[in-house]
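Start with the sequence and the model.

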Amino acid sequence: MIALNIMPIAYISKGLRVDEIVKSPQKPDFLTEKIPLLEKISANLPGMIFQILQRQDGSVFIPYISSGCKYLYELEPEAVQADFQVLCKLIHPQDIKAFTESIDVCRNTFTAWHWEGRIVTPSGKLKWIQGTSQPELQEVGDFLWHGLVMDITDRKQAQEKLQESEARYKAILDAIPDLMFRISRDGEYLDLKSEDANITLSREEILGKNLQELLPSDVAAISQVAIAKTLDSGILQTCEYQLPTYLGIRDYEARLVVSGEDEVLAIVRDITDRKQGEVALQNLAQKFAKAFSCSPDSITISTLQEGRFMEVNDSFVELSGYGRDAAIGKTSFELNLWVDDRDRLKLVQELQNTGVARNLEIEFRQKSGEIVTTLLSAEVIDLDGTPAILAVHHDITERKQVEAQFYLSAQRDHLLAETLVRIRSSLNLEQILQTTVTEVRQFLQADRVFIGLNNTSLGVRTLAESVDPKYPSISGWSTNDEAYLQELRNLLKDNLVRVVEDVTQMTVSPKVKAHFQKFQTRAALTVPIMLGNELFGALIANQCSGLRHWQPIEIDLLKQMSEQVAIAIQQSQICQKLAELNTNLEQQVQERTAQLQQKMQEVEKLHRVKDVVLHTVAHDLRTSVMGNLMVLKNLLNQGTGEAGEAEGQGAGGRGENSSPLLPTPCSPASSQSPIPISRSIIERMIQGNDRQLTMINSLLEINSCEKQGIEIKLEPVQFSTLLTETFAHLEPILIQNQATLKKLVPADLPLVMADGTRLQKVLANLITHRLQNNPPGLNFTLSATIEAGMIRTQIQDNGVVMSKVECDRLFDLHVRDPQDSCSTSIGLKMYLCRKVIKAHGGEIGVISNRKRGLTFWFTLPLFTSSATNRP
């Protein structure tokens, strides 16, 4: 490469100037002669030889460029000579700045040019190139560059790979937390890597020292032996030792390999955690062994494929009945443990799919032949490369038996509840009994269940039966053999519940034995049906297929069912009696109904008579009273005039209080003499007739209301105006009774739907009631408020109070105290007041104040658009 850089300079040093070469149309002969040699040299190089002349005016001329340009830049030399910038355009964008700076430095300092960078060839290839050149200043001030550009792509790629490899190995070494030492054969520390390691000595304190100086003597001796073995054998050696540290005693492992002539590389790792884990694992193994042997559950280890037992614990021996020696080495199939061989296949499939099985309910056969139920949990483990099953069997046989008992109890309770519902909801005794025996047989899984009747007149017969078709039916069987019947009664009498597990063991007469044989009875359970202290019959369950041990829950069921059957029979008997009583009652009801209808007809006649009498009497009384009033008022008016005349004439000395003279009724007309009557008597007579007329009108109005309802004419009414007008009409009577009225009624009260005339009468009746039952001088307070869509009106006074009973009955229609001359007519008016307010859709009442007086109140609905549509 140096020779190539010098060669162009040699040509120029022969005395031929570059500018002359450029200006000369022909190249010097010696340069022309050497060009083939340069071409031959460059052809064997992965690079390009060049000469570049840079003139002072900035123009560039390329005297020579080798054919390596085509290989390196994929450009023809002539193209480059024609335009030198095509080479600059191929420089990688990231390297252009460095290229320019290198040219500037070389030109400014007149030093050799050296640059490495990347180019992108026209075909898109990325190449690394290295350019070197020696600038030479010409006499005319031009620069002549002659040099060489080499393809160094392979070298750069090799460098990058080497750098990557170095970085990778450095990362690996940095990631290894272990200590690394280079140690000579005689034990001297040559080098170390101690980053991230628990080491108390610095690098300077270790390097150059010997094992004997830094390690305990026993550890140094072990290490020295391991170093010698490693160097002599060339094989990896491992040694373990303990060292005291500031963290306590730590365990270390050293791995030694040959790393050079008479030196080893020792990788030292802290294995304290591993040692502790091994100890913990040993402890765990001991615990497992104890748990395995002492577990109350059966634990086995068997091969996955065959199920051959490798180990069993004592609980397995107790559960299965097989000794440990008899079980180990045998398969579960050889021991005949599986009740259903398919359970083993399901277990293996589950383990192969998931590696674990949990709480599989499996039945196993003991050595004695008895069946036990267990919950099986298993996992796949590896024992010396052999897949095995670690299985735990939790015996739930007793629990399953208890669950079965609970299930039977639940069925029994359900059966009893259904029977009770049937008894309460049905009066069909035959259906109840037949359903009972059917469901009892289904529950007991017996061959026959029937209900027998014990009757002195009818003998013994079957009322209902449910039987397996394979066995004879006892339905329809009966007997009148009194001795036989008495023996059957005695069986139930001596023992209320007769439990027979084997009829051949019973001490009975040949007739009873023959009965058992006839109906193929092998076992029986008999419960009497008692109605009070009388034996009505029996509920009997038979087992015909073989002997049977009757369970307590089955006996209890039959006892309770017999009680329910007794209730059903008593209910049926009661229903029969009720039916008879009902028949008699219907006859009595028909008779009483006819009598009642006759009485109602009589009452209707009486009501019609009452209405006629009331109308006639009231009409006649009203006519008479009105006539009396007219006469009395005329007399009162005439008496006032005559009294004045008499006073003027001085006859009889009568004053203004004197009364008119009435003729004697019993004397002849010509000889009648006047009878003097006091004015106050006439006034009281007029008042009495007024009250009678008012009462008669009230009676007629009440009678009309009761028969036809009260008639009101609803229309929108300004309530405040109505109140003002009403009390204006009442002002004379208030003045007459020295009463005052205080109005607290807002002027802007909304409209109400009301019959104004009726409401005025209501207000007048309420005021009149208080005036007539109090001395003069009452003070009234009138108020009105709006509450919940209603107008509430209150009239409060300071008069006498009333008891709560009197307040509650004030608006009722009832017979009043005959001593109270005003009570009847006023009571009728108060009754009519409530009728009127109710017809308006309101309420009325009275409140007795604590200190003094009463408060009348009533409510009326406000006017609404929908209210106008009401009839």
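A residue counts as buried under 20% relative accessible area, as exposed over 50%, and as partly exposed in between. K838, at 45% relative accessibility, is therefore partly exposed. Keep in mind that this is a predicted model.

**Salt bridges**

The structure holds 29 salt bridges.

| Pair | Closest N and O atoms |
|---|---|
| R324 and E311 | 2.6 Å |
| D812 and R834 | 3.1 Å |
| E843 and K838 | 3.0 Å |

R324 forms its salt bridge with E311. R324 sits in helix α14 (residues 324-327) and E311 in strand β12 (residues 309-312), so the pair ties together parts 13 residues apart in sequence. R324 is partly exposed at 37% relative accessibility. E311 is partly exposed too, at 23%.

D812 pairs with R834. D812 has a relative accessible area of 24%, so it counts as partly exposed. For R834 the value is 28%, again partly exposed.

K838 has E843 as its salt-bridge partner. E843 is partly exposed, with a relative accessible area of 39%.

Salt bridges also form a network, which links E240, E253, R255, R274, K275 and E278.

**Strands β25, β27 and β28**

Strand β27 (residues 779-787) pairs with strand β25 (residues 740-744) in parallel, through five bridges. T740 has N779 in β27 as its bridge partner. Strand β28 (residues 790-797) runs antiparallel to β27, and eight bridges join the two. Here T785 stands opposite R792 in β28. The hairpin of β27 and β28 has two residues between the strands, and A788 takes a positive phi near 55°.

**Helix α22**

Which residues of helix α22 (residues 719-729) are buried? They are F719, S720, L722, L723, T726 and F727. Viewed down the axis of α22, these buried residues fall within an arc of 160°, so they line one face of the helix.

**Surface patch and cysteines**

I235, L236 and V257 make up a nonpolar surface patch, with about 240 Å² of accessible area together. L236 lies in the loop between α11 (217-233) and β8 (237-245). Its relative accessible area is 41%, so L236 is partly exposed.

The structure holds zero disulfides. C106 is buried at 1% relative accessibility. C88 is partly exposed at 23%.

Conventions:
Residues numbered from 1 in each chain as written. Predicted model: local features only at pLDDT ≥ 70, side-chain atom pairs only at ≥ 80, totals over all residues. Heavy atoms only, no water. Disulfide = S-S within 2.5 Å. Buried < 20%, exposed > 50% of the residue type's maximum accessible area, 1.4 Å probe, protein only. Helix = DSSP H or I, 4+ residues; strand = E, 2+ residues; numbered from the N terminus. Arc of directions from axis to C-beta. Pairing = 2+ DSSP bridges. Patch = residues over 30% accessible without salt bridge, like charges linked within 9 Å, V, L, I, M, F, W, Y side chains within 5 Å. Areas by Shrake-Rupley, 256 points an atom, 1.4 Å probe, with all protein chains shown as cover. Salt bridge = Lys/Arg side-chain N within 4 Å of Asp/Glu carboxyl O.
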